[in-house]
2 protein chains.
Amino acid sequence: MATIYEVAARAGVSPATVSRVLNGIAVSPAYADRVLAAAEELNYVPNRTAQRLRRRSSEVIALVIPDIENPFFTALARGVEDRALDAGLSVVLCNSDEQEDKESRYLQVALSEHMAGVILAPASDHPDLDAIVAMSTPVVAVDRSAHGYDLDTVVMDDVASGRTATERLYAEGHSVVACITGPATVETAQNRAEGWRQVFAQRSPGAEPDAYLVHSNYRVDGGQAAMASLRALPEPPDAVFVANNLMGVGAMQALATDDAVGIAVLGDLPFGMFPRPGASVLPLPARELGVTAADLLLQRLNGDIGPARRIVLDSAP
Amino acid sequence: MATIYEVAARAGVSPATVSRVLNGIAVSPAYADRVLAAAEELNYVPNRTAQRLRRRSSEVIALVIPDIENPFFTALARGVEDRALDAGLSVVLCNSDEQEDKESRYLQVALSEHMAGVILAPASDHPDLDAIVAMSTPVVAVDRSAHGYDLDTVVMDDVASGRTATERLYAEGHSVVACITGPATVETAQNRAEGWRQVFAQRSPGAEPDAYLVHSNYRVDGGQAAMASLRALPEPPDAVFVANNLMGVGAMQALATDDAVGIAVLGDLPFGMFPRPGASVLPLPARELGVTAADLLLQRLNGDIGPARRIVLDSAP
DNA sequence: ACCGTGGCAGAAATCGATTTCTCAGTCAAC
DNA sequence: GTTGACTGAGAAATCGATTTCTGCCACGGT
């Protein structure tokens, strides 16, 4: 692995000159040619580690998401990647698995790696960002906000989505619409359920909402289990609003061919899966979230130091 | 961001001593306590960049996969991650999108980042690994082999899988079994098709195999299109072997409710999707591939310098 | 009592690139 | 002709941690 010193020696110049040539700083053309030739011959690749140590900055951003197996988040990640790669940044993808300790471990890594920035879909409402913020590393919260910090944030209007989906089921003629949402600690899960609760209170005024609200884990197995528990109720609902795509898949599996129960799922089903007949699927702007978050981060990296912004995307694109 | 010098100053010792304490090298207890206290108070986190530069090694491995949206590869990635995290390594996930230029870009990054090792599912048969190999960075090929290099490799017996799946369709009574496989440049696609070809030649002796073999892109849309083109043939097949999971989903979508056509898919369907009635799905040991590849890499990182190994996993776990 | 040994901590070199500082040489103006 | 501004390239400092080299001190043996 050639170093800048070897290139310098071969070109008969000082390392400083090599550095200047490679960084586009004015140097007489004769020298520049010699340097470039030497670099070429030695197959020189700058050592990023040394570069980063000296420059005290890196060209890598961390993207921390709670579930790498959920296409919603991989689509979001794609959005981030596309923008970041265009800007010459690399993205390292970190999977927190909805676990706070894994999340803080990755944040710790981002810190000690001196990464240029972080885009975070927090696993908990109150992630510990003190250290990162103290370094003034720019952080953007995406999909879920990070309470306790004044961060750039990109989210959707989850309450409205919950209302819309629930409203649609009532409009189809169902009389009791239940709700399967995510972990009670996750903001999107709370908000989507809140949307449902508003409509439920209005449309099923006698009923007890808590009996028809199930918190689960945002994954396929959780959706399946939640649907099973709802059907086991003494007075089962005749429709259900499912607050994310994977639980939607699970719920539809649990319903199998029983099409007496109406279902509305928030978030595109993976891989263009066909929903069961009669089910409705409300798309979410996953990729758009990623793109927008990356844009905000890039602005910060370019020196923007205005106040934190909060962008709420239309949840029904 | 505190440095080791500040910790040293606060503890009233030299930076060398701080380093020794933090790395578990014998130091008198009195000093050790002072250092640990100072580090605690200053919230000291070692600068990985400096560490890496000095140690000339990193604790990060790159995992390069061709499609982050394919659950087969995310499962594989999970396997790698689990093993790597246990061993104290971080994994950065790189998505080559089946494109050679993106792949070599990420390999370039791995190189200049001096990553500890690379696990690669090559997008092309002949990836350019000269530079990486020259650095003697350990590389493990997974799922697909890297021709032209003598690398540790973990693959499955794709030819056998192709045979098994095709055989099963003929055993079910179908008379002409077509094959939808991946890009002609991808080894697994070639091998799975080869398995099909062997059985096809034997069971449909008169027919022209090339008419019933479609190369597509290993994604849902490709499976859909391929199936449509097969059905448009003058003498359409009455069954089809689909060589990966996502194309299987697409093919089943294209068939919709037409259950005259038999189908066998290689690789678990995403998210526990139910195959259409009568379809068979042959699972693949995706996670196991990742785990095994990580194990091989870890052995190399621990100094194993034996000859390259080639591990062929049972494709039907 | 003196010399050799070993342990422990500090000083300094090191990793590889960037950047500031320094200095030699050029050219123009007075 | 001399001075001063300017250009361009090399020397050296720097980033923050690790590690080798040094040297001090205490202890033990003769």
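Modeller: Across the interface of chain A and chain B, the rule finds 4 salt bridges. This is a predicted model, in which local features need pLDDT of at least 70, side-chain atom pairs count only at pLDDT 80 or more, and totals for chains, interfaces and linings use all residues. Residues are numbered from 1 along each chain as its sequence is written, chains are lettered from A and ligands numbered from 1 in the order in which they are written, and side-chain values use heavy atoms, with hydrogens and water left out.

Biologist: Why is the pair A:Arg52 and B:Glu113 called a salt bridge?

Modeller: A salt bridge requires a side-chain nitrogen of Lys or Arg within 4 Å of a carboxyl oxygen of Asp or Glu. The closest N and O atoms of A:Arg52 and B:Glu113 are 2.7 Å apart, so the pair meets the rule.

Biologist: How many residues does each chain bring to the contact?

Modeller: Chain A and chain B each bring 45 residues, contact meaning heavy atoms within 4.5 Å.

Biologist: What makes B:Arg54 a polar contact of DNA strand C?

Modeller: A polar contact is a pair of N or O atoms within 3.5 Å; within protein, one must be able to donate a hydrogen and the other to accept it, and residues adjacent in sequence count only if both atoms are side-chain atoms. For B:Arg20, the distance to a base nitrogen is 2.7 Å; for B:Ser14, the distance to a phosphate oxygen is 3.0 Å.
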